[in-house]
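Q: Could you walk me through this one while I have it open? I'd like to go topic by topic.

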Amino acid sequence: MSDVAVPAARRRPSRRRWLHSVPEMAGPAAKRGAGHSLALGQDARSRSATAVRTLLDSPGLAEASDPVRLAVVVLASRTPSETGVVEIRARELGRWLGLSVSRVRHAVVPGLRRSGVVDVDTLPGEFGEDWGLTCRVLPMWDAQNKVGHPLRLTKPELATLLRLMEALMAPGWAHRDGRVTPAGLLGARTGHGAAMDRLALLLLVLEAGETGRVRLCGGRVDKRYGRPVATLARLLGRSLSQAERVLERLEGAGLVERPRRQTVSGLRQAARLVVPAVAAAHGGRQGSADAADGLVGDPAGTAWPSEDSLASTKPQVSEAREAYGTDEGDLATTASLHADHSSVADVSSEVIDGLGFSGYADLGSSGRPENAYAHEDQAAKASVAASQRAIGGDGPLRGENRGECPGGGLPTEGSGSRSRLTVVDGAGARQQQKRRVADLGDLRVQVALAPVAYLWGQLRGGQQAVAVRAAERALGALSGIVEPKAAPRVLAARLTDRLEEVGGEALVRDPMGWLLGRGLVQRPACPDLRCDDGIRLDTGSDCPTCENIVHTRRALRARLAAGVEAEMQYSDPAARRDEAERRLREETAIEEQRAQIRRARAEREVEQRQQAIARRRALEEDAELARRQAPCADCGLPESAGLCPVCSYRRRTEELVREAVDLAVAVRADLLDAATVDELTQQCEADTRSLLTLACERACGPDADPAWAAFTAPQVAQQIRDERRAAALRRLLGSQEAVAEADAAYEACLRRRGRGAEAAADEAADAAGRRTAEFLLRQRLGELHAARQRATAAPSPADRVSVDAA
């Protein structure tokens with residue numbers, strides 16, 4: 001049919017867009033070489049960051065460990081653009097993750113399978129272990145057919161992401177020809193926490209600009225940690241304490257900096273987060289707080305990790321650097337709060353050797369300086385001094401050195417609230433000295449353990465670490481019952497009461513056992529979780545549940561005593577009392593039997609639920625295994641999960657061809673004439689398939705692999721479908737209905753906004769015309785499907801003849 005004629009007269013002025021020629025360049029364009037791996041442009045960085053975040057936000061990785069999440073990113077970066085299948089050894093994957101091959105086989109590979117994000121096939125080794133891995137990152141595999149999907153990365157984009165991963169965490173290789181590929185910034189980092197450190201550095205680099213500054217998160221954050229820690233915690237999806245430990249490790253390795261900005265008060269308080277290697281790669285300045293910072297040099301000299309800074313030992317961070325008090329710690333490292341002293345005395349040799357400093361006195365010195373503690377030995381100040389000793393021992397008011405110097409030794413490894421001292425024994429072995437309660441970095445733990453400061457001083461270094469963890473667990477349990485701010489005071493009151501029970505700290509023979517088994521544990525006297533020795537933790541009053549239990553027991557005793565009194569009123573009082581006690585014991589035994597029956601019933605119900613869950617999981621696993629082992633429904637290829645990739649691509653191609661044919665027939669054929677519709681459908685389908693075949697041959701070549709040709713066919717068919725849809729919309733845009741709707745919208749906009757709004761009226765008219773064309777296209781497609789259904793349901797001429805003869 002001929003196209004619908006466009007009316008010549010239009011009520012709005014016609015608009016025509018002109019293309020202007022651009023003069024050619026005077027000479028050939030300059031060729032750009034490959035830049036630094038960390039010097040990403042804005043588009044490349046945004047593309048890579050979006051792809052990595054999309055992978056990490058997959059539903060299967062919500063509860064996965066950090067090695068599993070990093071393994072998904074590593075496999076995605078190493079995915080070939082041609083096949084989409086990664087072949088890698090388990091040992092090589094472990095080197096990328098900073099883990100041993102045993103950890104990869106027993107933790108990472110099962111975690112990848114459980115997540116459902118990666119399809120893993122293993123090649124067994126000589127002893128049946130997982131030696132080789134053949135992996136497909138399923139989100140990237142599925143995104144190949146989705147235009148505009150964040151994970152549909154092109155070959156250059158995959159190469160850029162792989163170069164970035166190599167610069168950050170490549171393990172390094174020695175080639176056969178003698179060349180050596182150096183390791184990445186974290187290539188030497190192995191052991192516990194290595195995967196989290198690598199993932200954190202990758203996310204920070206992807207968020208950093210050309211100056212190396214990472215944009216910090218907005219909103220309210222916990223002041224104990226600071227905004228840089230909150231930013232990293234949100235990027236990793238982990239807690240603030242974990243993010244703080246990771247940031248401390250990266251900062252200690254020189255990979256991340258937290259420069260401070262000068263504030264009005266003169267203190268360097270507001271923190272920033274800078275990745276120096278990114279700034280060095282771009283050849284610019286760091287985004288630090290000081291404007292006088294110079295240019296950053298080679299990243300290999302500024303941010304490359306040393307073996308000492310990234311050792312593969314298990315302890316990654318000092319026990320004293322806890323989650324609380326982060327702001328105070330940062331402030332102490334950036335601004336000196338020590339009082340200025342006038343230089344009225346000469347520097348002696350002891351001061352030069354490090355034996356003298358402000359607030360320090362020899363162990364044998366008996367005199368007291370005239371300061372705040374000048375009269376502390378008086379009776380009026382005895383209670384203040386006792387409380388000071390209970391919290392952390394006596395110490396100078398200013399310039400306090402937290403570590404003691406036994407034998408006149410020198411304080412080592414820093415000073416202040418987070419300092420640690422080491423002593424050397426006769427054999428020369430370095431041992432960690434015991435810390436006082438006041439030396440703990442967590443203020444909440446200091447307040448909670450203040451009543452047992454004497455017992456704390458009797459613990460060894462390892463015992464103190466165990467006791468700190470036990471105190472933190474007790475504080476965490478109390479934070480769920482009372483206000484978190486009141487939890488340290490409640491735990492301190494509990495320790496005080498337990499010490500009064502035993503008669504004081506001097507009567508505790510085993511401090512470690514008493515703390516773990518009696519002092520820090522909660523002892524509920526009733527089923528109420530808020531009860532501790534008959535006292536409500538949240539209110540501090542007597543527990544009403546305990547009172548109810550006592551009232552019930554007293555009522556039972558009174559009822560039994562009344563029954564015995566009525567039955568044995570003429571008996572001896574001792575005999576009546578013995579009978580009442582016997583009946584009370586019987587009643588108690590019966591109640592205990594009932595409680596045991598209830599507990600057994602509850603245990604059976606729990607066991608039955610667990611068995612039902614196990615059976616359901618087994619059925620699901622069997623169904624999943626059967627689905628994976630099912631042959632292809634089209635070609636019969638075994639173990640294809642019901643449909644092999646080639647047949648899946650073929651089905652998708654057929655669906656797109658049908659859509660393209662329907663779009664062409666809907667706007668050209670007379671939908672009321674079934675014969676014309678059938679004839680035009682056959683012609684359009686033949687033309688479309690011929691066009692598809694030619695386009696696939698041009699894209700893949702005549703002798704291309706069938707699998708590659710099947711993979712290319714849906715993409716070409718989708719382009720044909722989109723072109724047919726655009727042509728159909730352009731055809732319907734000139735229809736009478738679309739023109740009338742556009743004119744109406746144009747006039748309505750002019751009436752509402754006046755004569756000075758012709759541009760807005762043109763836009764409104766164009767939008768109305770497009771909406772009408774889309775509506776007409778949907779309507780024609782519906783009519784086409786209805787006409788085909790009527791033609792299919794109508795009886796054929798042979799059937800009508802047979803019906804008439806009957």
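**Salt bridges, helices and cores**

A: A search of the whole structure finds 40 salt bridges, a salt bridge being a side-chain nitrogen of Lys or Arg within 4 Å of a carboxyl oxygen of Asp or Glu. This is a predicted model, in which local features need pLDDT of at least 70 and side-chain atom pairs count only at pLDDT 80 or more, while totals for chains, interfaces and linings use all residues. Residues are numbered from 1 along each chain as its sequence is written, and side-chain values use heavy atoms, with hydrogens and water left out.

Q: Okay, which residue does E579 form a salt bridge with?
A: E579 pairs with R582, and their closest N and O atoms are 2.3 Å apart. Both residues lie in helix α21 (residues 573-629), three residues apart, about one turn of the helix; helices (H or I, at least four residues) and strands (E, at least two) are DSSP runs, numbered from the N terminus.

Q: And is E579 buried or exposed?
A: E579 counts as buried, at 16% relative accessibility, whereas R582 is partly exposed at 33%. Buried means under 20% relative accessible area, exposed over 50% and partly exposed in between, with a 1.4 Å probe and protein chains only.

Q: What about R627, what does it form a salt bridge with?
A: The partner of R627 is E624, with the closest N and O atoms 2.7 Å apart. These two are three residues apart in helix α21, so about one helical turn separates them. R627 is partly exposed at 40% relative accessibility, and E624 is also partly exposed, with a relative accessible area of 30%.

Q: Which residues do salt bridges that share partners join into one network?
A: R494, R498, E501, R518, R523, D532 and D533 are joined in that way.

Q: How many residues has helix α18, and what comes just after?
A: Helix α18 (residues 487-502) has 16 residues and reaches 23 Å from its first C-alpha to its last, close to the 22 Å expected at 1.5 Å a residue; the expected span is 1.5 Å times one less than the number of residues. Just after α18, G503 takes a positive phi of about 100 degrees.

Q: What do the buried residues of α17 pack against?
A: They pack against α15, α16, α18 and α19, and the buried residues of α17 include Q463, Q464, V468, L475 and L478.

Q: Switching to the cores, which residues touch the most other members in the largest one?
A: Of its 78 residues, L38, L75, L112, L168 and L202 do, a nonpolar core being a set of buried Ala, Val, Leu, Ile, Met, Phe, Trp, Tyr and Cys residues joined through side-chain atoms within 4.5 Å. Helix α7 (residues 194-207) gives the most to this core, with ten residues. Leaving aside neighbours within four places in sequence, L202 is in contact with V52, V73, L164, M165, L168 and M169. Apart from this core lies another, of 30 residues, among them A467, A471, L478 and L515.

Note on methods:
Contact = heavy atoms within 4.5 Å.
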